[in-house]
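Please work through the exercises below with the sequence and the structure at hand. Each task is followed by a solution in steps.

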Amino acid sequence: MKTVLITGCNGLVGSYLRDMCLNNGWKVIGVDRNSSKRITRNLNYTFKKLDLLSEINIINLFKDHKYDVVFNCFGIKGSPIKAKDNPADFLYPSFKINTEIINQCYLNDSWLVFVSSVGVYSPAEKFTEGDVWKTLPSESDWFPSWSKRMGELLLESYKVQYGYDKWTIVRPANIFGEYDDFSGGGTLISTMVKKIYEADVEIEAWGDGTPIRDFIYGKDVASALIKVYEKGVRDIVNCGSGIEVSIKEVIEGIIKASGKQISINWNSSKPNGDLRRLMDTTKQEIHGIMPETKFEDAIKNVYDYYVKLVKGEDPIIPKGDLLTEGAYLGKISDFLEEDELEKFKEMIESVKNYSSEDIENRLVCRYNYDDLENPYEHAIPPSKVPERDAWVRKNNFHVWQKWWEFKHPDREYFDKIAIKIIKNLYPQVSRHLDNLSNVDHMGTMTLFEDGHYIDIHNDGANTGRLCVIIFYLSDENTYHEGGGQLKIITNSGKEYSLDPFFDNFCVMDFARNNIKHEVKMVNNGFKRYTYINFIKFNDSSILETIFPPIVDEAVKEKKEKKKII
């Protein structure tokens with residue numbers, strides 16, 4: 001497995017790159033000074049929130065891992081006005097961070113893909129890689145240009161003095177994409193997407209719309225970065241579309257994607273910027289890294305993404321419906337900060353060390369039967385499983401629950417995360433959960449292997465029980481249609497299915513409900529790890545006070561139910 005470092009992992013290109021590297025099965029260390037709400041749930045991914053202006057942070061990154069490749073996507077984004085008014089914000093961090101990253105890649109013999117910029121070029125009819133050092137940058141890009149040019153120059157110096165040439169310099173054109181800065185002070189496309197979304201009749205645009213630009217979708221840039229590494233390209237390569245698009249065409253394209261009827265008020269008193277920027281894609285074509293996404297398709301993707309971002313994506317069962325529907329299906333990452341989630345992932349790794357083959361003294365097997373006349377021990381060690389299986393076959397019993405169950409030395413960690421989520425979902429009882437002595441935790445870990453399942457059922461009377469919360473801890477990459485989905489039927493009769501891997505979790509309410517649920521049979525060698533906690537108050541009057549008693553039809557149904565044999 002390759003180990004990859006991505007700086008600027010939550011940025012415009014880094015976000016796509018992170019997903020692609022993980023899809024390749026690589027181990028990825030992502031570094032950014034900013035957290036992201038777009039959580040990556042792949043267990044091969046580790047996020048580190050670091051300020052790379054601290055040199056020791058960069059040095060420690062290379063002490064912790066041996067990187068096959070470093071994708072240096074770090075960069076300062078902003079408009080020409082920001083660059084003009086705050087030039088040190090571009091130069092100081094770029095000089096300092098790029099210098100140490102390049103040095104560490106040389107010292108540790110890591111391949112480096114250095115993401116430069118179209119801004120290094122001087123105004124020209126077409127930007128060709130070999131022309132950069134024959135000219136000076138445009139006044140519009142003076143400071144940002146030098147922030148990238150100096151990194152390129154330093155790489156050349158390491159090649160001359162030390163023979164270090166395991167690097168590729170990639171100069172993207174004007175990048176845009178879903179993970180851009182939509183605050184209004186970002187790049188042209190992100191700014192216009194925001195403006196058009198908020199407008200009803202008219203928007204203002206600077207200049208006259210005639211300047212020509214070469215735009216490239218961030219996803220295509222990320223793909224190109226991986227390809228130049230895999231191909232071992234020791235060169236400086238442009239990364240553009242080679243297609244001329246005017247500013248006017250860009251804005252009209254966003255309006256078309258929005259489906260609105262909006263006019264453009266061109267403010268000719270504002271500057272146009274450079275009149276033409278087009279990449280020479282000759283080298284790009286030779287190295288096989290031309291973009292694959294049509295411009296109009298990419299614009300539509302970005303606009304639709306922004307709409308969802310603004311509106312927010314509701315969970316499949318809204319939080320407010322927990323008490324009426326009887327369940328909440330959600331993402332653990334919605335309740336944790338990115339650094340908290342990284343700790344959560346570390347804890348999961350220790351859970352996966354348990355198996356039914358080598359932890360006999362800790363692992364138990366649970367078979368449940370509805371046969372109260374023949375009492376038996378539900379939890380047995382693996383050594384007794386063959387005897388129990390024979391007993392089941394002899395008596396023709398119906399096995400309706402089957403899984404492995406084990407204790408975990410750090411279970412209290414998961415208990416605390418569970419309480420944090422429950423307090424958010426049940427604000428009525430939050431203060432009672434502050435004192436953990438009020439809560440009877442029945443938390444444990446379970447492992448479902450091939451042939452394990454739970455028949456559809458409800459749990460019956462549980463005086464004082466608030467809810468059941470389940471965290472799914474398996475790696476999505478190991479799933480391969482492995483079954484094990486949790487299926488629930490809510491009070492309204494709706495059926496939901498939850499996939500059994502990391503970041504998904506479920507709460508089944510007992511304060512007012514007792515919904516039916518089941519676990520589909522696990523197959524294809526999948527290891528279905530879960531943390532499950534039955535949260536119950538030691539003083540049952542707490543629930544009776546907060547949630548007035550209602551008729552428990554499930555209890556009545558259970559009393560009338562015939563035994564299963």
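The exercises that follow concern a predicted model.

**Exercise 1. The chain as a whole**

Task: Determine how many helices and strands the chain has, and what percentage of its residues is buried.

Solution. Step 1: the chain holds 17 helices and 26 strands. Step 2: of its 565 residues, 51% are buried. Step 3: along the principal axes, the C-alpha atoms fill a box of roughly 90 × 60 × 40 Å. Step 4: among contacts with a separation of 6 or more, 79% are between residues 24 or more positions apart.

**Exercise 2. A pair of helices**

Task: Describe how helix α1 and helix α7 cross, and list the residues through which they meet.

Solution. Step 1: two packed helices are described by the angle and the distance between their axes. Step 2: the axes of α1 (residues 14-23) and α7 (residues 218-231) come within 8 Å, and the crossing angle is roughly 50 degrees. Step 3: α1 is therefore oblique to α7. Step 4: the crossing of these two helices is right-handed. Step 5: α1 contributes Tyr16, Leu17, Met20 and Cys21, while α7 contributes Gly218, Lys219, Ala222, Ser223, Leu225 and Ile226. Step 6: sorted by class, this contact of α1 with α7 comprises seven nonpolar, two polar and one charged residues.

**Exercise 3. Salt bridges**

Task: State how many salt bridges the count gives. Then examine the pair formed by arginine 171 and glutamate 152.

Solution. Step 1: side chains of opposite charge can pair when their charged atoms come close. Step 2: with a limit of 4 Å between nitrogen and carboxyl oxygen, the count comes to 22 salt bridges. Step 3: in the pair of arginine 171 and glutamate 152, the closest N and O atoms are 2.7 Å apart. Step 4: this pair links distant parts of the chain, with arginine 171 in strand β6 (residues 167-172) and glutamate 152 in helix α5 (residues 142-162), 19 residues apart. Step 5: residues under 20% relative accessible area count as buried. Arginine 171, at 0%, is therefore buried, and glutamate 152, at 1%, is buried as well.

Task: Compare the accessibility of lysine 345 and glutamate 342 with that of lysine 352 and glutamate 349.

Solution. Step 1: lysine 345 and glutamate 342 form a salt bridge with an N to O distance of 3.4 Å. Step 2: these two residues are separated by about one helical turn, because they stand three residues apart in helix α12 (residues 338-351). Step 3: lysine 345 is buried at 5% relative accessibility, and glutamate 342 is buried at 7%. Step 4: lysine 352 and glutamate 349 also form a salt bridge, their closest N and O atoms being 3.4 Å apart. Step 5: lysine 352 is partly exposed at 28%, and glutamate 349 is partly exposed at 37%.

Task: Which residues are linked with Lys487 in a network of salt bridges?

Solution. The network joins Lys487 with Glu495, Glu518 and Lys520.

**Exercise 4. The surroundings of leucine 43**

Task: Is leucine 43 buried or exposed, and which residues does it touch?

Solution. Step 1: leucine 43 belongs to the loop between β2 (27-32) and β3 (45-49). Step 2: with a relative accessible area of 11%, leucine 43 is buried. Step 3: leaving aside residues up to four places away in sequence, leucine 43 touches Lys345, Ile348, Glu349, Lys352, Leu473, Ser474, Asp475 and Phe502.

**Exercise 5. A helix and its cover**

Task: Identify the buried residues of helix α6 and elements that cover them.

Solution. Step 1: in α6 (residues 188-198), the buried residues are Ile189, Ser190, Thr191, Met192, Val193 and Ile196. Step 2: their cover includes the strands β7 (174-176), β8 (202-206) and β10 (215-217), together with the helices α8 (247-258) and α10 (295-311).

**Exercise 6. Positive phi values**

Task: Locate aspartate 109 and aspartate 503, and state the phi of each.

Solution. Step 1: most residues other than glycine have a negative phi. Step 2: aspartate 109 has a positive phi of about 55 degrees and is found in the loop between α4 (88-107) and β5 (111-115). Step 3: the phi of aspartate 503 is positive too, near 95 degrees, and this residue lies in the loop between β23 (495-498) and β24 (504-509). Step 4: aspartate 109 is partly exposed at 44% relative accessibility, whereas aspartate 503 is buried at 4%.

Terms used. Residues are numbered from 1 along each chain as its sequence is written. This is a predicted model: local features need pLDDT of at least 70, side-chain atom pairs count only at pLDDT 80 or more; totals for chains, interfaces and linings use all residues. Side-chain values use heavy atoms; hydrogens and water are left out. Axes are lines fitted to C-alpha atoms, for helices over the stretch in contact, and angles run from 0 to 180 degrees between N-to-C directions. Helices (H or I, at least four residues) and strands (E, at least two) are DSSP runs, numbered from the N terminus. Angles under 35 degrees count as roughly parallel, over 145 as roughly antiparallel, 65 to 115 as roughly perpendicular and the rest as oblique. A crossing is left-handed if the near helix is turned anticlockwise from the far one by less than a right angle, and right-handed if clockwise. Contact means heavy atoms within 4.5 Å. Ala, Val, Leu, Ile, Met, Phe, Trp, Tyr, Cys and Pro count as nonpolar, Asp, Glu, Lys and Arg as charged, and the others, Gly among them, as polar. A salt bridge is a side-chain nitrogen of Lys or Arg within 4 Å of a carboxyl oxygen of Asp or Glu. Buried means under 20% relative accessible area, exposed over 50%, partly exposed in between (1.4 Å probe, protein chains only).
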